[in-house]
Amino acid sequence: MRVLLLFLDGIGLGADDPSLNPFAAAQLPTLTELSGGYKWLHSTPRLSSERATFIPTDAQLGVPGRPQSATGQAAILTGRNVPAEIGEHYGPHPNDAIRAILAEGNLYTHLAARGKHSIRLDAHPPHYLAEIERGKRLRTAMQHAAYVADVPLTTLADLRANRALSADFLGDGWRDVLHIPDVPVHTPQAAGALLATLAKQHDFSLFSTWITDEIGHHRDLARGIAFLERFDAVMAGLLEAWDDSEGVIVITSDHGNLEDVSHRKHTENAVPTVLIGAGRHQIADQISALTDLTPALLRLFG
Ligand SMILES: [Zn+2]
């Protein structure tokens, strides 16, 4: 069994309003097919399509306030109700209490204890990694979970060698924004195929992108639409190359944001979890909140 977790920071299930929700406005044929012909909206119930199960997933976890990245990501990767344990939704970066919870055990450390190999598939720019090393930048909760399990963050060298992808999926941001020459720039089709190829080489692969959350904070509807349409095209390439009998793809998020560009803050909406592959039938019924993901994935690995 292999698992590929695609984590899109800050995507929730919002209103069917193309003026404020990129998920309502964008052309997303692949994502929509996964959810049985329905857009990824608040009104879409839990349902199964030919290849996938779509699960509106509770990110609130019984704690008042707007869900935040550190507690949400820690809940995803530990199965613990981290916001309830620390008494609030907290982020974007983890505090000492959240770091301690991640260090007590997370999906990466539990998989390592079962002899399973994990990898990150999203490359990090050199200046970003240098700032983490110098203590100038805090690790995200997802990065800290990997750190305490000795799973390295992937680098420019990994990107150049096609062992990782860029957070923008295609790599053009490294060339055009970071001005790093000689990085591969993929078509969406090729990026999706590369995700499939890499995920087949490891037991557990995690690809994380922060760009969805950033677009939401900037209230940029047009950019949100463009990024989701890019993701949709990448998913088409991934699904074409993915063998449903070999593994499960999980798409999920930590909290809402992008689905409502009427304000700059996170939302209290449920987030989409989408499970793809035959193994999903073993775990889909067990998932309704962020805290259910790690226990379900561990069950999948036996
Ligand atoms: Zn955010």
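Visitor: Which helix gives the most to the lining of the largest pocket?

Guide: Helix 12, with five residues. Helices (H or I, at least four residues) are DSSP runs, numbered from the N terminus. This is a predicted model, where local features need pLDDT of at least 70, side-chain atom pairs count only at pLDDT 80 or more, and totals for chains, interfaces and linings use all residues. Residues are numbered from 1 along each chain as its sequence is written, and side-chain values use heavy atoms, without hydrogens and water.

Visitor: How much space lies in the largest pocket?

Guide: Rolling a probe the size of a water molecule over the atoms shows where empty space is left. Here the largest pocket holds about 890 Å³. Its lining has 38 residues, and Ala167, Thr209, Trp210, Ile211 and Glu214 are the closest to its centre. A pocket is an open set of points on a 1 Å grid over the protein atoms alone, where a 1.4 Å probe fits, with protein on both sides within 12 Å along at least five of seven lines; lining residues have an atom within 4 Å of a point. The volume is the space filled by probe spheres set on the points, joined across faces, edges and corners.

Visitor: What is the volume of the second largest pocket, and which elements give two or more residues to its lining?

Guide: About 150 Å³. Among the lining residues are Leu129, Arg139 and Tyr147.

Visitor: Which residues does Pro18 touch?

Guide: Contact means heavy atoms within 4.5 Å. Pro18 touches Ala24, Ala25 and Leu221, not counting residues up to four places away in sequence.
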